[in-house]
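The tour goes from the whole chain to single residues.

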Amino acid sequence: MAMHRSYAASHKGLRNILGQFSLLAGRTDYGSAADVQRLKALGDEMFMLLTHHLHTENDHLLALLEKRVPGAAQHDLRDHEELEVIQQDVADRLARLDGTQTALEGHAFYLAFTAFRGRYLGHIHHEEVVTEELLLKHFSEAELIANSERIVQQVEFPVLLTSLKCIVPAQSRAENRALFAQLKNAPPEAWNAAMDAVRPVMEAGELEAVAG
């Protein structure tokens, strides 16, 4: 059975930013325009990553799985359709916040988001314990690695930088050493941009320990 896990890194990053947003949403003063603007800025990054990840899974993981094992991707595809609707509702609620809301209205938004977060975390848990195992069973190590490399090559660079900012702090040292070993093949300007993106979210000395 193959060992390369297609979901692991991206899901760690998504769990990270979902947790960040949940924490900030709980601390926000919804009657403060400045507080709400900070929440919206983080929300923009979060929803961008969630949307990009969903379509990446549909196009580059579930499509491959469905072709090789017909019917195997249907559960996740249905989940994605439902989650898109819920996510859009939460994003619309966030867009309507303007810093004039009461604490009660702010709490209602917080509850709406945490309900979505709970549903989303359950979904990606299923992907890692069910769908990931199907990929490992029906694809070779070389196929899975090549597919992950194709995905990274097709990601727009700003999206990749935002993803790294969420993934790197959420991974183990061993995982980050492997990640930065791959990144060293990038052009110098891309390497420097990646380092600049992750440095503010790493503990002192940690980036140097894993990036070399």
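The model on screen is a predicted one.

**Whole chain**

Switch to a cartoon view. The protein chain has 9 helices and 0 strands, so the pattern read along the sequence is α-α-α-α-α-α-α-α-α. Show the C-alpha atoms next; along the principal axes they fill a box of roughly 55 × 45 × 25 Å. The radius of gyration is 18 Å, which agrees with the value near 17 Å that a compact globule of 212 residues would have.

Colour the residues by accessibility. Of the 212 residues, 42% count as buried. Now display contacts between residues at least 6 apart in sequence: 78% of them join residues at least 24 apart.

For charge, select the positive and negative side chains. There are 20 positive and 30 negative ones, and the centres of the two sets lie 4 Å apart.

**Helix H8**

Select residues 188–198, which form helix H8. Which residues of H8 are buried? They are Ala-190, Trp-191, Ala-194, Met-195, Ala-197 and Val-198. These residues lie on the same side of H8 because they cover an arc of only 160° around the axis.

**Thr-56**

Go to helix H2, residues 33–68, and pick Thr-56 in it. Is Thr-56 buried or exposed? Its relative accessibility is 15%, and buried means under 20%, so Thr-56 counts as buried. Setting aside residues up to four places away in sequence, Thr-56 touches Leu-61 and Ile-151.

**Leu-77**

Move on to helix H3, residues 74–96, where Leu-77 lies. Leu-77 has 25% relative accessibility and therefore counts as partly exposed. Show Asn-58 and Leu-62 as well: Leu-77 is in contact with both, leaving aside its neighbours within four places in sequence.

Last, draw a distance from Leu-77 to His-123. These residues are 46 apart along the chain, and their C-alpha atoms are separated by 11 Å.

Conventions
Residues numbered from 1 in each chain as written. Predicted model: local features only at pLDDT ≥ 70, side-chain atom pairs only at ≥ 80, totals over all residues. Heavy atoms only, no water. Helix = DSSP H or I, 4+ residues; strand = E, 2+ residues; numbered from the N terminus. Rg over C-alpha atoms; globule rule 2.2 N^0.38 Å. Buried < 20%, exposed > 50% of the residue type's maximum accessible area, 1.4 Å probe, protein only. Contact = heavy atoms within 4.5 Å. Lys, Arg positive; Asp, Glu negative; His and termini not counted. Charge placed at Lys NZ, Arg CZ, Asp CG, Glu CD. Arc of directions from axis to C-beta.
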